[in-house]
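Work through the exercises below with the sequence and the coordinates at hand. Each task is followed by a solution in steps.

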Amino acid sequence: MIIFQQLSKRYSNGGALVLDKLSLHIKAGQFVFLTGPSGAGKTTFLRLLYGAELPSQGTLKVGGASLGGLSPRKIPQLRRKLGIIFQDFRLVSGRTILENVAWPLHLAGSSTRQAGQAAWQMLAKVGLQDKAGSLARDLSGGEQQRVAVARALVTRPPLLLADEPTGNLDPENAREVMSLLLEAHGQGATVLVATHDPLLLGLVQGARRLRLEAGGLIEEWS
Ligand code: ADP
């Protein structure tokens, strides 16, 4: 599903190496935690995976597509196969949460009716059906994060990327978000969660743990 080969990343010529010759294989169906202190490069790692950054050296393949050589035109196509959950939610604040969750389905070509129905069901799953008509900006942080998770899951993507998905949540909401990710994993998705919160790691039995430190990756065994 994901292959890094001797991948290095620096943001500017002569700048510090954020990732230093990483090689890694994440197989389809794995649940992976990416840990490491703030500034270690976790967000950079994820941004490379969804084509928001390009490697400085080495190669990266996601689901068979080589990102180094991917033309900018193909990036949206790649992103449609991904579910991405951002720490700061990135909802469209002036739209209803139903519209927010239906949006990826519209992009993928569903009719308004189909997209609305699927979004409605997804909102039920995250416990927000009664707020379907509310504007995203009127929801609490925990509710907005659940909408963001619903939006990421609604297309049933084979690969889910989450950057500190529980960073702004209380423990109860954090557990709820993790259980939604686990459910998607149970249905076959590959899941990659970047976090510096050690409490999350205890919530997923058997997950793979990768730690970023000084530009390198360390496999940790629980
Ligand atoms: P983490 O997610 O683990 O906190 P990041 O990937 O955000 O780490 O950052 C890793 C390093 O890269 C940090 O030193 C950060 O300052 C630097 N960095 C991140 N984004 C940029 C950017 N757009 N331009 C320059 N440096 C950046």
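This is a predicted model: local features need pLDDT of at least 70, side-chain atom pairs count only at pLDDT 80 or more; totals for chains, interfaces and linings use all residues.

**Exercise 1. Strand β3**

Task: Decide whether strand β3 (residues 31-35) is buried or exposed, and sort its residues by the direction in which they point.

Solution: 
- Step 1. The cut-off for a buried residue is a relative accessible area under 20%.
- Step 2. Five of the five residues of β3 are buried, so the strand is largely enclosed by the rest of the structure.
- Step 3. In a regular strand, side chains alternate between the two faces of the sheet.
- Step 4. In β3, Phe31, Phe33 and Thr35 point one way, while Val32 and Leu34 point the other way.
- Step 5. β3 pairs in the parallel sense with strand β8 (residues 190-194) over four bridges. Here Phe33 has Val193 as its bridge partner.
- Step 6. With strand β9 (residues 208-213), β3 again pairs in the parallel sense over four bridges. The partner of Val32 in β9 is Arg208.

**Exercise 2. The four-stranded sheet**

Task: Describe the order and the pairing sense of the open sheet of four strands.

Solution: 
- Step 1. The order is β2-β1-β4-β5, with antiparallel pairing.
- Step 2. The edges are β2 (17-26) and β5 (65-66), each of which pairs on one side only.
- Step 3. Six bridges link β1 and β2 in the antiparallel sense. Within this pair, Phe4 stands opposite Leu24 of β2.

**Exercise 3. The ligand shell**

Task: List the residues around the ligand, and find which element gives the most to this shell.

Solution: 
- Step 1. The surrounding residues are Tyr11, Val18, Pro37, Ser38, Gly39, Ala40, Gly41, Lys42, Thr43 and Thr44.
- Step 2. Sorted by class, the shell has four nonpolar, five polar and one charged residues.
- Step 3. Helix α1 (residues 42-49) gives the most, with three residues.
- Step 4. A polar backbone atom of Gly39 is 2.6 Å from a ligand oxygen, and a backbone N or O atom of Gly41 lies 2.9 Å from one. The side chain of Lys42 places an N or O atom 2.9 Å from an oxygen atom of the ligand.
- Step 5. The ligand on its own has 560 Å² of accessible area, and the protein covers 54% of this.

**Exercise 4. Positive phi angles**

Task: Locate Gln6 and Arg156, and state how accessible each residue is.

Solution: 
- Step 1. Gln6 is not a glycine, yet has a positive phi of about 50°. Gln6 is placed in strand β1 (residues 2-10).
- Step 2. The relative accessibility of Gln6 is 46%, so this residue counts as partly exposed.
- Step 3. Arg156, also not a glycine, has a positive phi of about 50°. Arg156 is in the loop between α5 (141-153) and β7 (159-163).
- Step 4. Arg156 has a relative accessible area of 63% and is therefore exposed.

Technical notes: Residues are numbered from 1 along each chain as its sequence is written. Side-chain values use heavy atoms; hydrogens and water are left out. Helices (H or I, at least four residues) and strands (E, at least two) are DSSP runs, numbered from the N terminus. Buried means under 20% relative accessible area, exposed over 50%, partly exposed in between (1.4 Å probe, protein chains only). A residue is near a molecule or strand if one of its heavy atoms lies within 4 Å of it. A polar contact is a pair of N or O atoms within 3.5 Å; within protein, one must be able to donate a hydrogen and the other to accept it, and residues adjacent in sequence count only if both atoms are side-chain atoms. Accessible areas come from the Shrake-Rupley method with a 1.4 Å probe; for residues, only the protein chains shown count as cover. Ala, Val, Leu, Ile, Met, Phe, Trp, Tyr, Cys and Pro count as nonpolar, Asp, Glu, Lys and Arg as charged, and the others, Gly among them, as polar. Two strands pair if DSSP finds at least two bridges between them.
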